Amino acid sequence: MAGLELLSDQGYRLDGRKATELRKVQARMGVFAQADGSAYIEQGNTKALAVVYGPHEMRGSRNRTLHDRAVINCQYSMATFSTAERKRRPHGDRKSTEMSLHLKQTFEAAVMTQLYPRSQIDIYVKVLQADGGNYSVCVNAATLAIIDAGIPMRDYVCACTVGFVDETPLADLCFAEESGSSLALALLPRGGQIALLQMDAQLHQDHLEALMDAAMTACKGVSKVLDEVVRRHLQEVSVLTGE
Amino acid sequence: MNKGPTGRHSSHGSKDLVVPGDVITTDTGFMRGHGTYLDDDNLTASVAGEVERVDKLICVKPLKTRFNGEVGDVVVGRITEVQQKRWKVETNSRLDSVLLLSSVNLPGGELRRRCAEDELTMRSYLQEGDLISAEVQSVYADGALLLHTRSLKYGKLGQGVLVQISPSLIKRQKTHFHHLPCGASIILGNNGFVWLYPTPGQQDEEAGGFFTSLEPISLSDREVISRLRNCLLALSAHKVLLYDTSVLYCYEVSLSQQVKDILKPEVMEEIVMMTQQKLVEHEG
């Protein structure tokens with residue numbers, strides 16, 4: 001890849017950001033009236049939509065009900081127009097199933113499911129435009145949607161994808177930067193608890209510590225932005241309902 | 001340093017708005033209610049909403065939530081399943097509600113013991129997809145509601161229009177069945193399901209609430225019901241509390257517009273503003 005410097009000598013990345021800078025985050029809650037909770041988020045050029053239904057009675061296989069907790073059912077899918085080449089199989093392929101499973105595990109750690117025995121909570125996430133950090137943006141969108149639905153959670157779940165180039169950790173990767181090593185971290189910011197950590201690339205062990213620290217800092221940055229979005233939404237709606 | 005239960009104050013008056021993970025207080029003297037959890041002596045919010053303090057009880061009321069039924073609530077629900085000796089009813093709550101065969105009035109208004117034949121003919125009384133109005137008799141431990149229709153005003157619903165809105169917008173009143181003077185009747189279910197139907201002509205018994213007439217409804221009645229439905233949607237979009245008076249005022253205010261125009265956002269806003277003004281005038 002001649003001429004494609006992921007990190008220039010002056011410390012600028014391909015899109016002009018510094019190494020620890022996040023992409024611009026814009027989000028809105030309550031975009032769908034018919035769902036219990038919904039949210040739309042844009043992180044740079046990656047756009048995702050999350051919709052939450054529940055908690056409601058278990059539909060489908062009755063034998064999957066848990067007597068003491070709610071079951072979280074996640075579906076991740078990408079729109080056919082979301083990638084550079086038209087995606088032929090938007091859901092059901094191995095990557096989507098794996099992502100759905102990861103999202104389910106992430107939210108099972110944060111949502112207080114023991115308050116809803118024998119119920120089901122559905123989370124549907126759709127990526128409308130994929131430009132790197134798909135999993136992280138989906139987690140952030142789903143967090144906002146769950147808050148919008150009024151389902152109790154221990155804390156926000158914020159996620160960020162980080163990479164390592166030239167001994168420097170890069171926060172919030174875009175698609176071009178993801179080709180190297182990329183680590184996705186989902187964090188509960190207040191306690192610093194990790195909900196999910198995922199990486200499938202090669203990284204030297206000595207760099208792991210620095211990369212994890214960078215990921216945690218980036219996630220805390222994302223949590224500040226999401227916090228602002230939620231508080232603004234709360235303010236707007238409470239003004240409407242207030243006397 | 002012991003942080004008292006003041007939290008963060010918003011600039012709009014005295015509302016205390018919290019988000020999940022916010023510590024409400026570190027004082028252990030408070031009891032925790034819904035929407036909060038205990039995290040190492042810190043009382044933390046688990047939903048985004050307003051903090052409510054009643055003496056020593058702190059709870060957080062989320063902006064919107066599924067219907068949490070209480071004993072005595074009137075609900076409108078849809079039958080989802082016919083099981084042995086009971087029906088499962090969907091009422092916009094977190095578990096389907098239960099309607100036992102012994103809790104319904106048999107056709108003919110008879111009071112008799114349920115026999116095996118009644119069990120086999122359950123489907124002839126209520127099928128999957130039917131709408132009913134019922135009252136909450138009790139709440140199970142896991143949160144499911146037990147319903148009953150043991151009064152002639154409850155039972156299967158006939159021809160009409162169902163409007164689904166958020167349960168938090170329905171005002172709790174003494175009665176939820178209203179015959180509006182504009183020519184239609186309304187059932188404001190506490191679970192957010194509102195049923196609009198033409199006022200029944202004769203007030204005779206309806207054979208235990210299972211007989212539904214399939215006679216065609218006149219055009220004027222249909223217009224009234226359509227207008228009411230659009231008014232309900234307008235009021236719920238602007239988060240106005242719904243009860244018979246507010247619905248009636250909204251209907252009267254909207255008479256100057258065409259029925260289909262009420263759904264336009266600008267017209268909606270105007271109508272809701274005029275309704276709110278009228279409510280303030282008449283109720284202070």
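Two strands count as paired if DSSP finds at least two bridges between them, and strands themselves are DSSP runs (E, at least two residues), numbered from the N terminus. With that in hand, let's look at this predicted model, where local features need pLDDT of at least 70, side-chain atom pairs count only at pLDDT 80 or more, and totals for chains, interfaces and linings use all residues. Residues are numbered from 1 along each chain as its sequence is written, chains are lettered from A and ligands numbered from 1 in the order in which they are written, and side-chain values use heavy atoms, leaving out hydrogens and water.

Start with strand S6 of chain A (residues 158–165). S6(A) and S7(A) make a hairpin with 2 residues between them, and A:Asp166 in the turn has a positive phi of about 55°.

| Partner strand | Sense | Bridges | One bridge pair |
|---|---|---|---|
| S7(A), residues 168–171 | antiparallel | 4 bridges | A:Phe164 with A:Pro169 |
| S8(A), residues 182–188 | antiparallel | 6 bridges | A:Gly163 with A:Ser182 |

In S6(A), 8 of the 8 residues are buried, so the strand is largely enclosed by the rest of the structure. (Buried means under 20% relative accessible area, with a 1.4 Å probe and protein chains only.)

Now for the meeting of the chains. The contact (heavy atoms within 4.5 Å) takes 33 residues from chain B and 37 residues from chain A. Between the chains there are 8 salt bridges, a salt bridge being a side-chain nitrogen of Lys or Arg within 4 Å of a carboxyl oxygen of Asp or Glu. One of them joins B:Asp22 to A:Arg231, with the closest N and O atoms 3.0 Å apart.

Definitions and conventions
Buried means under 20% relative accessible area, exposed over 50%, partly exposed in between (1.4 Å probe, protein chains only).
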